[in-house]
Amino acid sequence: MSNAQGASWFGRGVLTLGYAFLYLPILILVIFSFNASRISTVWSGFSLKWYVALFQDDSMLSAAWISLKIAFLSATAAVILGTLAAMVMTRFKPFRGKTLFGALITAPLVMPEVVTGLSLLLMFVTLFGPLGVSPKGMMSIWIAHVTFTMAFVTVIISSRLAELEKSLEEAAMDLGANRLKVFFVITLPIIMPALLSGWLLAFTLSLDDVVISSFVSGPDSTTLPMKIFSSVRLGLNPKINALASLLMLLVSTGTLIGWWHMHREEKRRQRDLQLALQQG
Amino acid sequence: MSSWRRLTRALLPHPRWGVISVPYAWMLVFFAVPFLIVLKIAFSTQAIAIPPYTPVLEYIDEALTLKLNLGNFVELASDSRYVEAYLNSLKIAGISTLVCLLIGYPMAYTIARLPPTTRNIALMLVVLPSWISFLIRIYAWMGILQTNGLLNQALLGMGVIDAPLRIMNTPLAAYIGIVYAYLPFMILPLYSNLVKLDLRLLEAAHDLGAKPWKAFVTITVPLSQSGIIAGCMLVMIPAVGEFVIPELLGGPGTLMIGRLLWSEFFAAGNWPMASAVAIVMLALLMVPILIFHRYQQRELEGRLA
C-alpha cells in the first residue's frame, strides 16, 4: 500500500503537534489578559481591568498611534516601490545591472536586523547630519521600514506576476494599448490581491519592528514595539497581555477579512468564466 | 512634438528607465551605500563628538589624510568574548535551523498532500501566527517558561517533575524561541517546493518495488533540495544576528553576536566597534547569503521559464 495520496498518520500527528506548538502560547496570552491578578502566571478570576488600564496609559496610546501612522505610510510606499521592482524583475528584458538589482531588492529578506538598523542610522547621520537635520525621527523610521519591507512585498508580487499568463497583456498590446495602459487596465486589477496581501504584510512587519526602530527613532518618536520591549525587559505585565490580544485581534481580523474577500473574488471569477464559456 | 515631450524624451531616453530607476535608486541609497558607510566607520575610533566617532578621511594642512584604525578588528580577533559570541551564534542558529527542518519538513509534506481546499486553510493557519507580532509571541513564551510559569505548573501538577525546571534565562529558552519564531519561514519554501512534486514519480517507484521510506529518501528529498536550502537560509542567516530572543529569553549566559552589537552601540556608545562587529558578521554570513541569492535567482527564472 503506497501513500501516494493522503497524508500518513505520522504526518498528521506532527502537523497537529506543530499547530499546537504555534498556537498554544498565543491562546495562553489571550486568556491571561483577562486574569484578575497581576501575576501573569496564576489564574485568579476574570477581569477586564487590564484593558481599562491600557486605555488610560497615555504614553502607550501615543506610541500606538505613532506606530500605526508609520506602518500605514510604510506599507503604502513599500507596495508602490515593490510593484515597480516586481515589474522590473518579471516583465523587463535583462539589462546590465539586473542581477545586482535583484540581489539588492531581496537582500533585506535575510539580513540580520541589527545590521540593517545600524547601517541605516549611519546613513542618516551621513545624509542628514551636514544639513543640520536630526538623523533620528519619524522620517528615518519611515524610510527604514519602507526599505526592509519592500523586499517582502516584491517577492509576493513577483511570484504573482510570474504566474500570470502574459497572453492577456500581449492581447491588449496587440489591440493597440501602450504599456502604461496595459499595466493599469489589465495587470493591476488581476494582481490586486497580491498587492493587498503585500500591503498587509508590510503593515504587520512595520508595526512589529523593534530593533530597526530602536536604532533610528528619536526621543519623540517612540514606537509601540519599543515601548513593549522596554516594558517586557523588566518582567511580565498583564497590560501587555491586553495590548497583545488587541493587536492580534486587529491583525487576525484584517487577514481573515482579506482572505475571505479573496476567496469570494476567486469564486466570482470562476462563475464568470463558466458563464463566458457557456455562452461562447 | 510638444516641448514637454521633447524634454522628457531627452531626460529619459526610454520610459522604462523611470520604472527601473526609482526602486533601484532607493535600494542603492538606503541599502547598499549604508553598508559602505558601516565599513568606513569600522575603521574609526570612538570620540566625544557628534557624531561619536573620529573622521576617517580628513583634509588637514592641505593634505588628504586617511586614517584607518584597525584597533576594532584587532580587538574582535583577540578578545575571547567576541570570538565566543560569533561561534556561539553560529552554533545556536545552526542547531535551531536543524530543529526547524526536522519539525517543518513533515508539516510541509503533510500540508502539501492535503486536498486543495484544506491545503489552503492549513497553510494559512501556519502563516497566521507570523503575522501576529513577533515580539508578542516571544513575550508569550516568557510567561510559559518561567520558573513559576505555566509549563512548570503543568508538569508539577501532573507529577512529571518534583522541582520546577529552570528553562527561562538559559540557552534552551533561546533555542525554543528561535525555533518558534522561525518555523513558518522554514515551512513556506518547503511547502511551495513539495506541492509541485509529481506524485507519479512516487507511484512509479512503488510499482518498481521500492518501499515508501526508500522512495522518500531517494526521490522526494533530493527533489525538494532547493526548498530545503531556501528554508535553512531563511532561518539561519537572520538567526545568527538575533537580538530580541536571546535578550528576553536567553538570559546573561546566552552570548550572541547581535546582543554584543547592540550593547556596543547603545550601552557603550561605541559606534565604530559596533560597525566592526557588523562587518565581521556580514563576512561570516556572506557564503550563506550568496547561496540564498543563487536560489532566489533560480526560483524566479524557473517560474518564468
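Reply: Phe229(A) and Phe243(B) are both buried, a term for under 20% relative accessible area, against over 50% for exposed and partly exposed in between (1.4 Å probe, protein chains only). The model is predicted, so local features need pLDDT of at least 70 and side-chain atom pairs count only at pLDDT 80 or more, while totals for chains, interfaces and linings use all residues. Residues are numbered from 1 along each chain as its sequence is written, chains are lettered from A and ligands numbered from 1 in the order in which they are written, and side-chain values use heavy atoms, leaving out hydrogens and water.

Rings of Phe, Tyr and Trp (its six-membered ring) pair if their centres lie within 6.5 Å; planes under 30 degrees apart are stacked, over 60 edge-to-face, and the rest tilted. By this rule there are 29 aromatic pairs over all chains. One of them is the tilted pair of Phe215(A) and Phe265(B), at 4.9 Å centre to centre with 55° between the planes. This pair joins two chains because Phe215(A) lies in helix α9 (residues 211-216) of chain A and Phe265(B) in helix α13 (residues 257-267) of chain B; helices are DSSP runs (H or I, at least four residues), numbered from the N terminus. Phe215(A) is buried at 0% relative accessibility, and Phe265(B) is buried at 4%.

Phe229(A) and Phe243(B) also form a tilted pair, 5.8 Å centre to centre and 55° between the planes. That pair crosses from helix α10 (residues 224-233) of chain A to the loop between α11 (225-240) and α12 (244-250) of chain B. Ring pairs link these four residues into a cluster that also includes Tyr53(B), Trp262(B), Phe266(B) and Trp271(B).
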